[in-house]
Number of protein chains: 2
Amino acid sequence: MVESRTYPSERLVEFSSRMFRHFGVPAHEAALAADVLAAADLRGIDSHGVARLHSYFDMLELGRINPRPKPRIVRETPSTATVDGDNGLGLVVGPWANEVALRKAQAVGSGWVSVCNSNHYGIAGYYPLKALERDLIGWSMTNSTKLVAPLWGAERMLGTNPIAIAFPGLEEPPIVIDLATPAVAYGKIEIAKRRGERIPRGWAIDARGEPTEDPQGMIDGGALLPLGSDREHGGHKGYALGMMVDVLVAVLSGANWGPFTPPFALRQEVPARSVGKGIGHFFGALQIAGFIEPLEFKRQIDDLVRTFRATRPAPGTAGPLIPGDPEREAHAERSRNGVPLVLPVVEDLRDISRRTGVPFD
Amino acid sequence: MVESRTYPSERLVEFSSRMFRHFGVPAHEAALAADVLAAADLRGIDSHGVARLHSYFDMLELGRINPRPKPRIVRETPSTATVDGDNGLGLVVGPWANEVALRKAQAVGSGWVSVCNSNHYGIAGYYPLKALERDLIGWSMTNSTKLVAPLWGAERMLGTNPIAIAFPGLEEPPIVIDLATPAVAYGKIEIAKRRGERIPRGWAIDARGEPTEDPQGMIDGGALLPLGSDREHGGHKGYALGMMVDVLVAVLSGANWGPFTPPFALRQEVPARSVGKGIGHFFGALQIAGFIEPLEFKRQIDDLVRTFRATRPAPGTAGPLIPGDPEREAHAERSRNGVPLVLPVVEDLRDISRRTGVPFD
């Protein structure tokens with residue numbers, strides 16, 4: 001059991017927001033950025049909430065992120081746009097660009113926005129949730145620092161490049177898909193290391209490109225494996241999905257792709273060359289009413305959700321979940337009882353507090 | 001080694017086309033349908049070429065497919081449409097609906113078409129290849145008869161629900177992604193059975209929902225596992241991708257989804273109920289020029305392709321491939337030397353020949 005302390009989400013939002021303001025981020029954008037981080041913490045995706053706040057702090061402190069960006073559309077058609085994020089916080093540029101996609105979808109049926117010159121944008125799943133509020137199907141993708149090997153590669157070439165998409169139900173909660181394209185999250189490697197445990201085959205390779213069950217072997221210059229892990233189990237598919245994300249978010253927008261995607265944390269290696277501007281995102285939205293009566297769509301989603309919940313369970317399980325179930329349950333529980341933070345994260349926040357003067361606890 | 005005979009692709013196209021015409025399919029549509037099948041055979045995706053012709057024959061013979069469909073747009077916005085395929089051949093309805101997506105992308109930057117009331121449409125990768133010819137990024141998805149269990153399910157609930165997408169290069173060949181969402185293709189189970197071999201863990205479960213290494217265990221009421229195979233290796237991700245495809249192709253269009261998707265071959269079980277019309281497809285297209293100069297995009301794709309080819313190889317491999325490499329190599333080889341057909345497929349074609357009077361060999 002890792003020791004942790006629990007905080008009401010509102011307090012973490014207030015702290016994050018004040019930290020962003022400390023660096024000159026305008027108040028409404030600071031609040032927005034804090035809200036994106038809180039969505040991760042509430043939904044149980046601990047790696048993408050305030051656990052990252054110290055990295056944002058470092059980048060702002062060093063002047064590597066523009067606290068007052070003016071994102072702009074550099075090219076567009078009625079249903080598409082390319083956005084230059086002006087090297088702003090991804091937590092600010094992401095919602096701005098997502099809004100462009102949502103408005104286009106409301107106007108002409110769909111909206112697709114590729115973004116360059118941005119930074120880490122929080123959880124991919126935040127953005128499709130915004131689309132749901134307007135009866136749109138929302139998509140989001142991003143790239144990030146290299147961590148994943150292509151199938152048959154011996155080195156890191158791709159980020160964890162997530163894909164998120166959400167579909168609204170009527171009486172049932174929405175289906176919310178938010179998946180990264182390696183077999184497993186990097187956080188699980190770190191947890192295994194902390195606990196002194198081995199990792200399963202199929203998660204990672206070491207620096208020589210050999211399969212490893214030692215978390216340290218992956219950390220010391222190894223790489224995560226793509227979803228599917230090896231050729232026999234479809235590792236070429238996870239690799240292809242990661243590459244698809246990279247092209248849509250970065251090649252299409254003029255951002256850096258693959259191994260040249262710039263790092264988010266200070267300890268990460270700086271890429272050998274630059275092939276574009278910042279990191280990239282991709283947002284999409286489809287107007288449900290452009291295809292079918294939204295009420296009929298939602299009734300069918302309810303039917304589908306209930307049908308899949310009624311699947312005969314595999315032995316030893318309670319049966320399939322619906323994508324988004326675990327995050328929604330975490331959200332309900334943490335909204336009531338607060339967000340547990342492990343002590344190293346608490347220490348990070350205290351350090352930010354000391355260095356900015358923003359009170360923490 | 002399985003015995004096979006080799007035929008020039010043109011001869012198979014001629015035979016397929018004449019078979020379709022025999023059932024009243026108009027000449028240009030028969031040629032188109034034959035072309036889609038040939039694309040599979042040439043690209044080495046043997047399961048989706050003339051190996052399926054007898055199933056099309058059966059469905060047409062029994063009057064279950066409309067040989068002269070009038071596909072129509074039943075709802076649209078400038079960038080989206082819903083198409084009713086009038087129960088035609090998917091090989092005819094698919095290209096028709098894909099064309100709607102391509103035209104919308106040329107007009108307003110992107111085009112997205114969800115299709116109901118259709119049938120098996122061949123390889124998913126055929127459609128994005130058409131988009132490439134017009135400097136568009138093409139997408140295609142479809143559902144199909146249930147064969148795959150959700151993670152933690154003990155029964156078939158989803159089709160193999162493929163996702164295809166293609167990106168053009170300049171001097172390098174295009175990146176062509178075409179992946180089904182289970183860990184492995186059903187054809188590999190059949191091959192293992194024919195050879196009397198075991199199958200690897202992570203491919204399938206048996207009728208009780210237990211992991212099985214016996215191909216017959218999967219065939220007799222078992223199911224394929226989603227990409228990722230188990231919870232530890234990301235099986236929830238493959239399951240979510242399969243569900244995503246089902247919603248986009250079927251819930252959005254008013255087709256049948258999940259376990260209610262109608263079968264393509266006669267030996268397959270008929271679903272318990274109908275929740276829509278036929279099977280569903282989803283086509284998308286993005287205008288590259290709507291985001292970035294196409295020449296710049298293609299140069300970056302070339303750079304990306306070369307960068308990934310130069311990845312340090314994993315021990316015992318020649319290094320990563322680029323998605324689409326194997327299919328392109330097969331296409332080059334088979335265009336020169338012909339398409340090898342295993343004897344049971346040759347027998348199927350002879351049977352069609354006897355029953356239709358279309359000469360084969």
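1. Domains of chain A. Chain A is divided into domain 1 (4-183 + 225-293 + 338-356) and domain 2 (184-224), with bounds that come from an automatic or database domain assignment. The C-alpha centres of these two domains of chain A lie 24 Å apart. Domain 1 of chain A gives 14 residues to the contact and domain 2 of chain A gives 12 residues, where two residues are in contact if their C-beta atoms, placed from the backbone, lie within 7 Å. The domain 1 side comprises eight nonpolar, three polar and three charged residues; Ala, Val, Leu, Ile, Met, Phe, Trp, Tyr, Cys and Pro count as nonpolar, Asp, Glu, Lys and Arg as charged, and the others, Gly among them, as polar.

2. Basis of the model. This is a predicted model, in which local features need pLDDT of at least 70, side-chain atom pairs count only at pLDDT 80 or more, and totals for chains, interfaces and linings use all residues. Residues are numbered from 1 along each chain as its sequence is written, while chains are lettered from A and ligands numbered from 1 in the order in which they are written.

3. Helix packing in chain A. Helix α2 (residues 27-42) and helix α4 (residues 90-108) of chain A pack at an angle of about 95°, their axes being 8 Å apart. Helices (H or I, at least four residues) and strands (E, at least two) are DSSP runs, numbered from the N terminus. Axes are lines fitted to C-alpha atoms, for helices over the stretch in contact, and angles run from 0 to 180 degrees between N-to-C directions. The angle makes α2(A) roughly perpendicular to α4(A), a term applied from 65 to 115 degrees. From α2(A), A:Glu29, A:Leu32, A:Ala33, A:Val36 and A:Leu37 meet A:Leu91, A:Val92 and A:Pro95 of α4(A). By class, this contact has seven nonpolar residues, no polar and one charged.

4. Interface between the chains. In chain B, 71 residues are in contact with 71 residues of chain A. On the chain B side, α9(B) gives the most, with seven residues. That side has 39 nonpolar, 24 polar and eight charged residues.

5. A buried strand residue. B:Ala204 lies in strand β8 (residues 204-205) of chain B. With 30 C-beta neighbours inside 10 Å, B:Ala204 counts as buried (20 or more other C-beta atoms within 10 Å of its own, placed from the backbone). Among the residues that B:Ala204 touches are B:Ile189, B:Ile199, B:Met218 and B:Leu224.

How values were computed:
Parallel < 35°, antiparallel > 145°, perpendicular 65-115°, else oblique. Buried ≥ 20, exposed ≤ 12 C-beta atoms within 10 Å, placed from the backbone. Lists of a residue's contacts leave out its neighbours within four places in sequence.
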